[in-house]
Amino acid sequence: MGIFSSISNAIFGDDEEEAAPAAAAAPAEAPKRKAIQGVDVEQRIGSIPGSDKLNWKTSIVDLMKLVQIDPSYANRKELAQELGNADYSGTAEDNIALHKAVMNKIAAAGGIVPADLKD
């Protein structure tokens with residue numbers, strides 16, 4: 001599982017947890033993620049304990065800390081590569097762009113993300 005999947009799972013729930021009942025009922029079907037269509041991302045992340053103490057709305061490091069993912073340079077670089085940025089260098093500008101890319105991808109998957117958290 002990639003870094004983005006870990007972030008998404010922390011916000012919306014784990015694929016395996018959601019797929020377990022469906023797999024038992026219909027073992028021939030592939031596991032499916034619970035639909036995130038219409039989920040208020042800001043409210044969901046804001047309800048995570050400790051969210052009020054971190055700047056997760058603009059900081060990729062704080063967002064990763066909040067969802068209990070190591071925000072090391074290596075992990076941020078891996079996340080950037082997953083999202084199509086092969087030139088990630090860890091600068092402040094790269095981190096801002098990475099945070100926006102994560103929010104854009106969550107929005108593309110159907111989550112409701114405020115405009116100020118996206119591009």
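**View 1. Helix H1 meets helix H6 through Phe4, Ile7, Ile11 and Phe12 on the H1 side and Val102, Lys105 and Ile106 on the H6 side.** Contact here means heavy atoms within 4.5 Å, and helices (H or I, at least four residues) are DSSP runs numbered from the N terminus. This is a predicted model, in which local features need pLDDT of at least 70 and side-chain atom pairs count only at pLDDT 80 or more, while totals for chains, interfaces and linings use all residues. Residues are numbered from 1 along each chain as its sequence is written, and side-chain values use heavy atoms, with hydrogens and water left out. By class, the contact of H1 with H6 has six nonpolar residues, one charged residue and no polar ones (Ala, Val, Leu, Ile, Met, Phe, Trp, Tyr, Cys and Pro count as nonpolar, Asp, Glu, Lys and Arg as charged, and the others, Gly among them, as polar).

**View 2. The axes of H1 (residues 3–12) and H6 (residues 92–108) cross at roughly 60° and come within 11 Å.** Axes are lines fitted to C-alpha atoms, for helices over the stretch in contact, and angles run from 0 to 180 degrees between N-to-C directions. H1 and H6 are therefore oblique to each other (under 35 degrees is roughly parallel, over 145 roughly antiparallel, 65 to 115 roughly perpendicular and the rest oblique). Their crossing is right-handed, that is, the near helix is turned clockwise from the far one by less than a right angle, with anticlockwise being left-handed.

**View 3. Look here for Lys105, whose charged end sits over the ring of Phe4.** The distance to the ring centre is 5.0 Å (the rule asks for NZ of Lys or CZ of Arg within 6 Å of the centre and within 35 degrees of the ring normal).

**View 4. H1 packs against H5 (residues 73–82) at about 95°, with the axes 8 Å apart.** That makes H1 roughly perpendicular to H5. Ile3, Phe4, Ser5 and Ile7 of H1 touch Asn75, Glu78, Leu79 and Glu82 of H5. These residues divide into four nonpolar, two polar and two charged.

**View 5. H5 and H6 cross at roughly 55°, their axes coming within 10 Å.** That makes H5 oblique to H6, and the crossing is left-handed. Arg76, Leu79 and Ala80 in H5 meet Asn95, Leu98 and Val102 in H6.

How values were computed. Helices (H or I, at least four residues) and strands (E, at least two) are DSSP runs, numbered from the N terminus.
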